[in-house]
Amino acid sequence: MAWDKDNLKKIVKAKIGSYKFIIVSNREPYIHRFFEDEIRCVTPVSGMALVLNIVMQICGGIWVAHGSGEADKDVVDFNDHIQVPPENPNYTLRRVWLTKEEMNGYYFGFANEGLWPICHNAYTRPIFRKSDWDMYRKVNEKFAKIILEEMDDNEGFVFIQDYHFTLLSKILKDKRPDITVAQFWHIPWPNEETFRICPWGDEILEGLLGNDLLGFHIRHHCQNFLDTVDHSIEAKVDWEKSSITHNEKETLIRPFPISVDFKKIENMSRQAEVEENIKRIKKDRRLKNRLIGIGVDRIDYTKGILERFKAIDRFFEKYPQYLGRFSFLQLGPLSRIHLQQYKNYNDEVYHLMVEINEKYQFKDWQPIILRKTYFSQEDLINYYRLADICIVSSLHDGMNLVAKEFVASRWDNDGVLILSRFTGSARELETALLINPFATDQFADTIKEALEMDEEEKKKRMQRMREIVEENNIYRWTAKILSEIFKLGLEEI
Ligand code: GDG
C-alpha cells in the first residue's frame, strides 16, 4: 500500500483517536522573531522539525518544545500555548522557557558538546562537564513536569525526539506507568567502546529504557544500542526480538528510516515559477553556462564540508579541463555558532573556500560559491532542480534528508547524487554514487564520473532512487511507528 496523508489520517483517527498525543523536542516547529516593527513566524533549519510538523498536522495534539524566538513570548496565551501552523492551525504548540544558564548547560553543553560528538564518528573530541550534566537533568525534569501537566488524566502517547531528552521517558513512566512513551533517536548510536567514555552513560541507558519503543534510523544503530546495554547495565537483551528488559519493563528497539514528503516536494518542484527562478539564478555570471554542483547543509563538522571542498580542489588539480566549466554552490545557514568548535569549523570552511578560489579563479569564474544564509524550502527546491550534481559528504549522519529532498525534487529524472557511505540514506539510495569523504582522490574522481555520466545511466539511477523515496515516504515512517507501538497489525507496511 502506498502511504499518503489521507490513509494515514484515517488510521490515526480510527485507532488512536482517543489518546492524547504529545510530541516533545528541543527545537520548535515555528519560531517567532522581531523584524523591524513586526513579528514574523519562521520555520527552523531542522530535518527533525520539518518532518515531525507533517506528522503533527495529521495526528493533531500538543507539541512541547523550547520557545527559542525573541518574540515567542509575545504571541502565546496564558498557558504558553499557540495554535499552529499559522496559515491553518490544527495543533497546539506548548512553549517551554529556558534560561540562558539552562540552555548553556543542557543544550550547548551536554547535548551538543558531549552527546553529539560521541554519537558521530567525526573525530571531534566530546566535552563532558558535571555542571552541564546537572543542568541537562534539571531541564529533562522541567520538560517532564510540563508534559504531565498537559497530559492531565488522559490516556496518552508521548513521542520524544532525540538526544536532548535521554532521561525523560523514565521520569514520565515512574510517575505515569499507564502512558505509552516512544522515542526516536535522529542521530547515529555509537559502538559500545565509544559510548563508554560518557561519564553518565549508565544513567542515560536507564533513562532511555523508560521508553516502550526506541527507534533509530537503521538496524546497525539498533545493534550498537543493544550491544551497549549488554555491556553496561543489568538488563536482559533479547537479540532475536530486538528488545531489552530492565527492571521488569520491556523496551522494543526498532529501525525506522525517516523520510520526506515526496509528493509535496515533487509538486513544489513542478511549479511553473521554479523554471523562472532557475533562469534567474543562472543569470549570475559565476554560474551562467557552467555545470553546477550543490551542497545544502547546516554548517556542522559532521557534514563533511571541508572534505567536500578538498575533493573539489583535487578534482580541479587532476582535471584542469573543468576549470571555468564547473562551479560548486554551497548553501546552508550557520549552526550552533555559540560553540567554539562550530566557530572554528565555520572559519575553516571559509578559509578553505578562499584558498581554493584564489588558486583557480579567473575572469568572472570561481570554483566555490558559499552562501551561509537561510533559504526557504521553496528556494532550496530551485537549487535542487538546477544542479547537475548534488554532493552529500557527511562524515557520519543518522539519515540525511537533503539527499532524499534532492531525489524527490528531480521529477525530470536528471541530476546525479554523490552520497557518503556513512549516511543512513546510503542504505536505501544504493544507485547514488557512493563515496568515502575521507578518500579525497576517489571522491575527486567521482565528481568527474558524475559530470560525465551519460543521460541513460543518470535516468536509470535517479528513477530507482525516486521509487524508493516515493514508497518509503514520511507517511510510511509514521505509520510504521504507530503500528509498532499500538500493535495495529498493518501487515502491508
Ligand atoms: C538530524 C540528523 C537526520 C538546510 N538548509 C536550510 C534548510 N535546510 C534543511 C534541509 C533538510 C534539513 O535542513 C537538514 O536535515 P538533515 O537530515 O540533512 O540533517 P540534520 O539537521 O542534522 O538532522 C539527520 C535528521 O535529523 C532527521 O532525522 O536525517 O541525520 O543529523 O530538511 O532542507 N532549511 C531551510 N533553510 C535552509 O537554509 N528552511
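A residue is buried under 20% relative accessible area, exposed over 50% and partly exposed in between (1.4 Å probe, protein chains only). This is a predicted model: local features need pLDDT of at least 70, side-chain atom pairs count only at pLDDT 80 or more, and totals for chains, interfaces and linings use all residues. Residues are numbered from 1 along each chain as its sequence is written, and side-chain values use heavy atoms, with hydrogens and water left out.

Q: Is N247 buried or exposed?
A: N247 sits in the loop between strand 11 (243-246) and strand 12 (249-255); strands (E, at least two residues) and helices (H or I, at least four) are DSSP runs numbered from the N terminus. Its phi is near 50 degrees, positive in a residue other than glycine. Because the relative accessibility of N247 is 65%, the residue counts as exposed.

Q: What is the relative accessible area of K363?
A: K363 is in the loop between helix 13 (340-360) and strand 15 (368-371). Its phi is positive, about 45 degrees, although K363 is not a glycine. Most residues other than glycine have a negative phi. K363 is exposed, because its relative accessible area is 83%.

Q: Which residues does the cis peptide bond join?
A: Most peptide bonds are trans. The loop between strand 5 (81-84) and strand 6 (91-96) holds P85. Omega is about -10 degrees at the cis bond, which joins V84 and P85.

Q: Which side chain makes a polar contact with the side chain of D297?
A: D297 lies in the loop between strand 13 (291-296) and helix 12 (305-318). D297 counts as buried, because its relative accessibility is 5%. Beyond neighbours within four places in sequence, its contacts (heavy atoms within 4.5 Å) include K303, Q330 and P333. The polar contact (N or O atoms within 3.5 Å, one able to donate a hydrogen and the other to accept it; sequence-adjacent residues count only through side-chain atoms on both sides) spans 2.7 Å, and the partner is R308.

Q: How many residues of helix 15 are buried?
A: Helix 15 covers residues 401-409. At its start, a side-chain oxygen of N400 comes within 3.0 Å of the backbone nitrogen of V402. The buried residues include K404, E405 and F406.

Q: How far apart are the C-alpha centres of domain 1 and domain 2?
A: The assignment gives domain 1 (5-259 + 474-489) and domain 2 (262-471). Such bounds come from an automatic or database assignment. The C-alpha centres lie apart by 30 Å.

Q: Which helix gives the largest share of the side of domain 1 that touches domain 2?
A: The rule finds 7 residue pairs in polar contact across this interface, both at pLDDT 80 or more. The elements giving two or more residues to the domain 1 side are helix 2 (47-59), helix 4 (100-119) and helix 9 (219-232). The largest share, 7 residues, comes from helix 4.
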